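Please read this briefing alongside the sequence and the 3D structure. It covers the chain as a whole and then its aromatic pairs.

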Amino acid sequence: MKGIRVGAGQIGMLVLFMIVGAIIGSLIGEALSPVVPVMKLSKDVELGPAHINLVSFSFTLGLNIKLNLAGAVGMLAGIFLYRRF
């Protein structure tokens, strides 16, 4: 069994696999939610907006993640696929 690789490019690929897995899992969960009501359960994680004002420009950063059961399973599937290949 291979361990998690630790190079910068490999971490980027792992994050990509997890994000794609979460998106696909969430889409499948939304599609199955009328049949399986537990798929509607979700949790919102929000990092409020942070305003950064520099002399020549300013910008705002924020993050909002809505994760449901199928999205979490999709993330785990992404990790499994990453470790497999």
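**Chain overview**

Among contacts (heavy atoms within 4.5 Å) in the protein chain between residues at least 6 apart in sequence, 58% join residues at least 24 apart. This is a predicted model, in which local features need pLDDT of at least 70, side-chain atom pairs count only at pLDDT 80 or more, and totals for chains, interfaces and linings use all residues. Residues are numbered from 1 along each chain as its sequence is written, and side-chain values use heavy atoms, with hydrogens and water left out.

**Fold and extent**

- The protein chain has two helices and two strands (DSSP runs, numbered from the N terminus: H or I of at least four residues for helices, E of at least two for strands).
- From the N terminus on, these elements run α-β-β-α.
- The C-alpha trace spans about 50 × 35 × 15 Å along its principal axes.
- Of the 85 residues, 16% count as buried (under 20% relative accessible area; exposed is over 50%, partly exposed in between, with a 1.4 Å probe and protein chains only).

**Aromatic pairs**

- A search of the whole structure finds two aromatic pairs (ring centres of Phe, Tyr or Trp, the last by its six-membered ring, within 6.5 Å; planes under 30 degrees apart are stacked, over 60 edge-to-face, the rest tilted).
- The ring centres of F17 and Y82 are 6.0 Å apart with planes at 70°, so this pair is edge-to-face.
- F17 lies in helix α1 (residues 8-32) and Y82 in helix α2 (residues 69-84), so the pair ties together parts 65 residues apart in sequence.
- Y82 is buried at 5% relative accessible area, while F17 is partly exposed at 26%.
- F57 and F59 form a stacked pair, 6.0 Å centre to centre with 20° between the planes.
- F57 is partly exposed at 46% relative accessibility, and F59 is partly exposed at 34%.
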